[in-house]
Amino acid sequence: MSEPLSRIPAGMRYYSGSEARLRRAIQNTLVSIFDGWSYEEITTPTLDYYSLFEHGMGRSQAHHAFRFTDTDGRMLAIRPDVTSLVARAAATLFAERKRPLRLCYVAPVFRQQPQSHAEWRRESTQIGCEMIGANSSAADIEILAIVCEVLERLNLDRHCSITLNDVEVFNGIAEELNLLPDARNEMRELIDTRNTTDLQLFLARHSTLGDWQAFAQLIQLSGKRKTLSDACRLITNARSRSALDRLERLWSVIELLQLEDRFEIDLGDVSRLDYYTGLTFKIYVSGAGTRVGSGGRYDGLTASFGRAEPAVGFVLELDALTDVLLARACNSSLIQGSAGVTELTAHNLRDLFVAARKKRAQGERVVINSSEVLE
């Protein structure tokens with residue numbers, strides 16, 4: 001069935017005027033910050049094999065990609081994720097480069113179905129950076145420090161919350177409960193959606209442990225350092241406790257940097273992307289309808305391409321950042337040069353454009369009024 005040419009497909013939109021300028025200013029600001037931390041920009045393909053994203057994002061998330069068959073019969077996808085592509089490049093194109101690799105990008109991603117009513121766009125732009133080849137607390141802190149600088153430069157640092165977790169807390173619990181993959185995914189979904197009642201029913205059905213009810217409190221644990229001590233009283237398996245110890249060491253550095261007002265521990269914030277292996281975090285800003293960014297450690301992803309190495313990174317959602325900055329009207333410092341416009345008129349083309357070029361050489365914005373020009 002043919003659609004009217006005036007209609008725009010659901011989940012797509014145009015950007016213009018001050019909104020388009022702000023989007024560009026945010027991109028330029030973030031890329032300059034990444035460059036200041038010595039991250040090299042990379043541009044990835046828009047199309048790639050669907051199997052790449054299945055390995056990277058996991059089958060359930062990759063399923064949201066726009067897919068079609070290539071002329072050779074292989075399944076292609078329009079890029080639904082950038083991290084998988086960067087990881088493949090690190091393991092292949094940049095295999096001989098000195099580690100750690102520091103890479104950053106600005107790229108649109110495309111997904112068939114919105115994950116929630118808040119995340120309705122089927123095309124969105126992601127801005128992110130990845131450090132590949134470093135397995136250290138210093139690497140994790142560097143990534144979080146970059147996130148903090150981004151929020152400061154956008155004047156959002158007083159309105160943000162960066163939630164920290166470690167997927168091994170959940171993995172240790174799932175292992176102790178001897179959950180099969182489907183049951184493990186069901187439990188992760190219940191935790192991620194904060195469904196306390198159904199989580200208790202799930203644990204009662206699957207757990208052979210006497211203290212299973214303590215695990216149901218996992219989704220209620222959030223806050224500052226006290227959250228970690230509370231978790232240690234509830235969670236006793238070695239795998240989860242090791243992850244809690246890593247979070248405690250990370251929190252100690254955050255306190256030394258006097259950044260604890262921007263961070264929270266949230267053990268119920270469980271990522272659904274399969275490639276995370278340790279630290280995970282999500283970035284929220286007051287007034288945004290959804291998170292504005294997320295990231296973490298994905299030490300196993302590059303193994304799919306023949307070279308296993310540690311990696312950590314994050315991605316910010318340009319659309320969400322633009323929305324919140326427009327709503328807060330705190331973007332003037334980003335687009336200072338776009339406020340004043342000089343209108344130019346003249347009776348002949350030569351004078352008109354000599355004046356225009358002179359103003360432009362001085363960095364001024366101009367608009368041509370040609371109604372009085374004599375040809």
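**Cavity, pocket and sheets of the predicted model**

Ile141, Leu144, Ala145, Cys148, Ile254, Leu257, Leu259 and Phe263 line the largest cavity. The model is predicted, so that local features require pLDDT of at least 70 and side-chain atom pairs pLDDT 80 or more, while totals for chains, interfaces and linings use all residues. Residues are numbered from 1 along each chain as its sequence is written, and side-chain values rest on heavy atoms, without hydrogens and water.

A cavity is defined on a 1 Å grid over the protein atoms alone, as a set of points where a 1.4 Å probe fits but cannot get out; a pocket is an open set with protein on both sides within 12 Å along at least five of seven lines, and lining residues have an atom within 4 Å of a point. Grid points are joined across faces, edges and corners, and a volume is the space filled by probe spheres set on the points. One cavity of 30 Å³ or more is counted. The volume of the largest cavity is about 40 Å³. Helix H5 (residues 137-153) supplies the largest share of its lining, four residues; helices (H or I, at least four residues) and strands (E, at least two) are DSSP runs, numbered from the N terminus. The lining of the largest cavity comprises eight nonpolar, no polar and no charged residues, where Ala, Val, Leu, Ile, Met, Phe, Trp, Tyr, Cys and Pro count as nonpolar, Asp, Glu, Lys and Arg as charged, and the others, Gly among them, as polar.

The second largest pocket has a volume of about 280 Å³. Of the 16 residues that line this pocket, Ser137, Asp140, Asp166, Arg246 and Arg297 lie nearest its centre. H5 and helix H11 (238-256) are the elements giving two or more residues to this lining, and H11 provides the largest share, five residues. Five nonpolar, five polar and six charged residues make up the lining of the second largest pocket.

Nine strands form an open sheet with mixed pairing, in the order S1-S5-S6-S12-S11-S10-S7-S9-S8. Strand S1 (40-41) and strand S8 (222-223) are at the edges with a single partner strand each, so one side of each has no neighbour in the sheet. Two strands are taken as paired if DSSP finds at least two bridges between them. Strand S5 (residues 101-110) and strand S6 (residues 123-132) are antiparallel and share 10 bridges. Leucine 101 stands opposite isoleucine 132 in S6. Helix H12 (residues 318-328) packs on this sheet, touching S6, strand S10 (279-285) and strand S12 (311-317), and its direction makes about 45° with that of S12. Contact means heavy atoms within 4.5 Å; axes are lines fitted to C-alpha atoms, for helices over the stretch in contact, with angles from 0 to 180 degrees between N-to-C directions.

A further open sheet has three strands in the order S2-S4-S3, with antiparallel pairing. Its edges are strand S2 (47-49) and strand S3 (66-69), each with a single partner strand, so one side of each is left without a neighbour in the sheet. S2 and strand S4 (residues 75-78) run antiparallel and are joined by three bridges. Aspartate 48 has alanine 77 in S4 as its bridge partner. Helix H2 (residues 50-57) lies across S2, S3 and S4, at about 75° to S2.
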